[in-house]
Amino acid sequence: MYELTNVDKKFPGVHALKSVNFKIGRGEIVGLVGENGAGKSTLMKVIYGAYQADGGDITIDGTKVRFQNPRQAMDHGIGMVFQEQSLITNLTVMENIFLGFEQQFVSYGVINWKAMADAARKQLAKVKLDIDPGMITSKLSFAQRQLVELAKVLTLEERIDGDLVILLDEPTSVLAKEEVELLFSLVRELTNRASFIFVSHRMDEVLDLSDRIYVMKDGEVVDVVAQSDAKVDAIQHKMVGRDVDKEYYREQKQKAYQAEAKPLVSLKNVSVNGSYSDISLDLHPGEVLCLVGTEGSGREAILRTIFGLETPSEGSVVLKGDAISKFTAQSGVSRGVGYIPRERKVEGIVAGMNVYENMTLSQMGNYARSGVLRIGEEKTLARQWIDRLAIKTPDVYKDCGGLSGGNQQKVVLAKWRSAGSDIILLDHPTRGLDIGAKEDVYDMVREMSNDGVGIILVADTLEEAIGLSHTIIVLKDGVAQKRFDCSPGDKPSLYDLVHHMI
Amino acid sequence: MSNVLTRDVLIKWAPLIVLLILVLSFTVMEPRFFSLRNFARIGISSTPALMVAIGVTFIIIMGSIDLSMEGTVSVCAVAFAFAFIWLGGTLASWAWLALPLALLVGAAIGLVNGLVHVILKIPSFMASLAMGFVGTGFALLLTGGDRIRVEDDLFRALLTERWFGFPIMCYVALLFLLIAWFIQSRTTLGRNFYAVGGGEELAHASGLNVNRVRIMGFALAGVFYAVGALLAVGRIGIAETATGSNFMFVSITSVVVGGTALWGGIGGVWNTLIGVLIVNVINNGMVVIGLPGYVQDGVLGVLVIAAVVLSTDRKSVTFVK
């Protein structure tokens with residue numbers, strides 16, 4: 001009944017959806033799988049109206065529709081249960097359920113709370129949640145909030161004629177095993193009220209719940225399998241299957257790291273509550289160590305711990321022989337740790353400050369005597385690094401906010417390298433960069449590691465991780481699954497990794 | 001040449017253009033406006049406000065706000081006057097020590113301000129507003145509501161002695177403006193103000209001690225408030241609780257009208273100089289052409305809104321609280 005035909009979506013520089021065909025029948029549960037960046041979230045956004053398709057048709061029961069915004073999609077029975085929970089936690093459960101649709105309970109400008117509570121109770125009964133609708137949402141557990149969100153979407157049933165399609169985006173990521181079971185049985189029961197589109201990183205769950213599974217890769221639907229024919233292996237191969245170009249990742253420049261030398265970073269049985277547990281790793285000079293896992297597997301939290309932004313609840317962190325007791329950014333920086341976070345705009349550069357000011361931000365002490373800056377030396381340094389990394393900027397006075405993503409990345413890298421950092425933490429260094437800029441980053445990674453810098457990398461794609469790293473540690477739900485040795489010519493395959501990830 | 005007159009360039013120079021237009025139009029309406037005597041008058045009324053506004057400029061660049069200036073100015077003025085008279089009552093004696101003492105008092109109040117804000121994690125506007133009230137109350141306690149006269153001729157020379165038509169206090173203010181400029185552009189502290197205002201998370205992730213920068217900023221602002229207090233006492237020869245009155249509105253208006261962004265990271269002390277001059281030219285010009293005081297306040301209020309509207313890129317701001 002709900003159908004996408006040849007839907008296309010382009011963003012500047014990215015062809016996010018390539019002629020996608022997608023269909024869901026009444027009461028069906030459809031799974032949607034793919035790697036990060038395969039186009040799943042774009043497809044979902046098109047379905048629930050957050051994005052408008054550039055080409056192709058969307059039809060409901062054969063009638064062509066076009067949604068300008070999610071509200072219009074809702075009016076056609078399409079609801080979304082968000083991965084990041086979208087409830088407003090300081091409101092009550094019933095207020096959340098009817099947020100934006102309170103008018104039905106209003107008479108003479110006053111809300112009839114009793115009527116709203118009764119209606120909310122009816123919705124909560126659909127998801128078998130027995131709580132007081134007047135409760136403040138922040139008091140609920142995550143599993144209960146997930147169900148409230150589902151109840152909120154199910155209010156569509158009363159509001160509109162026709163069938164419901166409900167999107168579940170990673171609904172199980174914060175749930176415990178038995179809660180997942182409960183949710184699944186509930187979803188199966190609700191198929192008499194609605195159809196579901198289910199997105200998850202956990203392959204076993206998708207296979208378990210879905211009637212049919214769409215496999216996406218690089219913006220295309222590469223396969224549609226029925227539950228009875230679905231094999232985890234086959235789907236995983238389809239998700240990642242493509243050739244890896246060794247040249248591209250500068251594999252020929254990969255040299256053996258100094259495994260005998262004293263480790264730069266050493267983690268022993270380190271845990272951070274709620275993020276990861278019992279992680280041990282050593283980073284040697286010249287080593288590129290890649291942390292691989294799905295979103296939320298604890299990769300970023302490990303980087304933040306090493307830099308000093310998170311304090312571990314257990315275990316010891318040793319940087320260059322010093323055991324760290326007080327975790328602050330200063331403790332990391334003073335021991336030569338440089339952190340290059342994912343969101344350059346937010347955490348990488350200070351927009352409004354110029355190139356040399358950004359480069360010396362972490363090392364102003366080296367360019368100042370009694371607090372007075374030696375700006376001439378700062379500019380000289382900036383010019384050297386602009387040449388060395390081929391940063392494209394008219395001059396050192398240019399506001400960094402006006403540089404392109406790749407050049408911002410280089411400024412951030414220059415900031416840490418020029419300060420003498422020899423432990424570099426890279427979080428998605430190539431995200432959002434075009435091919436040429438990516439290759440520059442790969443060159444820089446190789447150059448740094450040949451200089452004896454230890455690098456911990458969270459890569460944007462699996463190929464990148466395999467191509468660049470000496471060592472890979474695969475994480476799943478905050479626990480290390482397997483360690484791979486990746487010397488050139490003897491690298492693990494994508495499939496080896498995916499196998500341990502999901 | 002469309003790329004010469006971009007929005008950025010316009011915003012950068014808009015305050016100066018506004019100032020020139022104001023001067024021009026007042027001159028046309030009343031030629032007496034354009035005279036050395038009148039400019040000296042504008043200078044005298046501007047100097048204390050300029051010092052206070054420079055102090056709060058640093059705070060606003062950090063993305064915080066400081067509303068304690070009225071209390072701080074009162075306490076510094078009163079403390080200075082008491083110490084000055086107690087130590088001899090003339091600059092030719094040990095009483096000159098009262099000058100650095102006043103600066104120390106200002107720094108101390110600013111320090112407490114910063115500590116309350118950072119350690120107790122109270123929003124800066126609330127912490128400083130509360131400290132301002134404490135200051136005003138404390139000044140009243142010290143004076144018991146009396147006015148303290150400072151009649152030393154040497155000290156009053158700040159106002160009475162003139163070089164090239166302008167009293168010495170204008171040159172003192174100029175000196176401190178240059179010091180502020182030096183701090184802003186040539187010291188790590190000044191750079192840190194911009195880093196904290198432009199991206200606090202990033203400043204933190206680059207290993208800056210953001211809390212320390214904040215506390216230092218408030219202490220520095222306190223010193224400039226104290227300079228403002230000294231010039232205010234020098235101007236009228238009286239220190240009292242009311243010495244600090246009206247500085248909050250004038251200084252923050254000046255900073256904003258001068259083009260320093262309220263969310264931090266953009267602007268500087270030269271902007272503030274222009275802002276202070278705009279405010280004082282309007283005040284002076286309206287008196288010269290004979291408009292009543294309440295019109296001046298109204299015009300200034302409109303000007304503040306216009307300045308913020310001009311400097312805000314509304315496309316990037318989704319919610320305003």
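Start by selecting helix α2 (residues 36-61) of chain B together with helix α11 (residues 247-257) of chain B: the two pack at about 60°, with their axes 8 Å apart. Axes here are lines fitted to C-alpha atoms, for helices over the stretch in contact, and angles run from 0 to 180 degrees between N-to-C directions. That makes α2(B) and α11(B) oblique to each other, since angles under 35 degrees count as roughly parallel, over 145 as roughly antiparallel, 65 to 115 as roughly perpendicular and the rest as oblique. Helices are DSSP runs of H or I, at least four residues, and strands are runs of E, at least two, numbered from the N terminus.

Now show side chains where they meet. On α2(B) the contact includes A49(B), V52(B) and I60(B), and on α11(B) it includes F247(B), V250(B) and V255(B); contact means C-beta atoms, placed from the backbone, within 7 Å. Colour by class and you get 9 nonpolar, 3 polar and no charged residues. For that colouring, Ala, Val, Leu, Ile, Met, Phe, Trp, Tyr, Cys and Pro are nonpolar, Asp, Glu, Lys and Arg are charged, and the others, Gly among them, are polar.

A word on ground rules: this is a predicted model, where local features need pLDDT of at least 70 and side-chain atom pairs count only at pLDDT 80 or more, while totals for chains, interfaces and linings use all residues. Residues are numbered from 1 along each chain as its sequence is written, and chains are lettered from A and ligands numbered from 1 in the order in which they are written.

Next, bring up both chains. Here 18 residues of chain B are in contact with 21 residues of chain A. Select α8 (188-198) and α9 (200-205) of chain B, each of which supplies at least two residues of the side touching chain A. The largest share, 6 residues, comes from α8(B).

Last stop: chain A by itself. Cartoon view gives you 18 helices and 24 strands. Along its principal axes, the C-alpha trace of chain A spans about 70 × 55 × 45 Å.

Note on methods: Two residues are in contact if their C-beta atoms, placed from the backbone, lie within 7 Å.
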